Amino acid sequence: MVWWWRSIACPAYTLKPSAGQEISVIQVKYLVGSGPAADLKLQGANVAAEHAELQQKGKQVFLKALQGESVFDRTYTWIDDAEARANVSYVLASGSSLAFGEQQQSFVVEFEEPSGANPLVEMMMKGMAAGADAQVQKELSD
């Protein structure tokens, strides 16, 4: 119960639009789009009803473009001026610039980044080490 109260008292992350008021997000999943289900409603010719999803896992924030079916389709979703691929979850850094529909509809995402090692990098390194030869595994465990 205390964790729930704390999550409301301290926003998980904020979205700062290029123009307008800052948005404090406390939901685990936050839908961006033009439709009635969207938490952040945007207008424009290239904004889908369910355009993109922001998701918080621990102290990390992920973005997934929901528009498009294959990785080759246009998503009209940008992270730091690079167009995101459809249905791929991207780990965001605090200070990343996000744009939806048109690059002019931009936001900066800010949050407290986890200290220490990046959990995703640590998981990948452990996976690679598990497949290494015995000598490498011995060196890593020392």
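Helices (H or I, at least four residues) and strands (E, at least two) are DSSP runs, numbered from the N terminus. This is a predicted model, in which local features need pLDDT of at least 70 and side-chain atom pairs count only at pLDDT 80 or more, while totals for chains, interfaces and linings use all residues. Residues are numbered from 1 along each chain as its sequence is written, and side-chain values use heavy atoms, with hydrogens and water left out.

**View 1. The protein chain has three helices and 11 strands.**
In order from the N terminus, the elements are α-β-β-β-β-β-β-β-β-β-β-β-α-α. Of the 142 residues in the protein chain, 31% are buried (buried means under 20% relative accessible area, exposed over 50%, partly exposed in between, with a 1.4 Å probe and protein chains only). Among contacts with a separation of 6 or more, 35% join residues 24 or more positions apart (contact means heavy atoms within 4.5 Å). The protein chain exposes about 8,900 Å², and carbon and sulfur atoms supply 56% of this area (accessible areas come from the Shrake-Rupley method with a 1.4 Å probe; for residues, only the protein chains shown count as cover).

**View 2. Five strands form an open sheet in the order 4-3-5-6-9.**
Pairing in this sheet is mixed (two strands pair if DSSP finds at least two bridges between them). Its edge strands are strand 4 (40-41) and strand 9, each of which pairs on one side only. Strands of a sheet pair through backbone hydrogen bonds, either parallel or antiparallel.

Two residues lie between the strands in the hairpin of strand 5 and strand 6, where G58 takes a positive phi near 65°. Five of the six residues of strand 6 are buried, so the strand is mostly covered.

**View 3. The largest nonpolar core has 22 residues.**
A nonpolar core is a set of buried Ala, Val, Leu, Ile, Met, Phe, Trp, Tyr and Cys residues joined through side-chain atoms within 4.5 Å. Y13, L15, L54 and L98 have the most contacts inside this core. At least two of its residues come from each of strand 1 (13-17), strand 3 (29-33), strand 5, strand 6, strand 10 (97-100) and strand 11 (106-110). The most, three residues, come from strand 6. Leaving aside residues up to four places away in sequence, L15 touches E22, I23, V25, Y30, L40, L54, L98, F107, V108 and V109.

**View 4. T14 sits in strand 1.**
T14 counts as buried because its relative accessible area is 11%. Beyond residues up to four places away in sequence, T14 touches E22, I23, S24, V108, V109 and E110.

Although it is not a glycine, Y76 has a positive phi, near 55°. T77 has 0% relative accessibility and is therefore buried. Its contacts, not counting residues up to four places away in sequence, are H51, A52, L63, A65, A82, E83, A84, A99 and F100.

**View 5. D81 is in the loop between strand 7 and strand 8 (82-83).**
D81 is a residue other than glycine with a positive phi, about 70°. Its relative accessibility is 65%, so D81 is exposed.

**View 6. V71, F72 and V88 make a nonpolar surface patch.**
The area of the patch is about 300 Å². Patches are made of residues with over 30% relative accessible area and no salt bridge, where like charges are joined within 9 Å and nonpolar side chains (Val, Leu, Ile, Met, Phe, Trp, Tyr) within 5 Å. A salt bridge is a side-chain nitrogen of Lys or Arg within 4 Å of a carboxyl oxygen of Asp or Glu. F72 counts as exposed because its relative accessible area is 74%.
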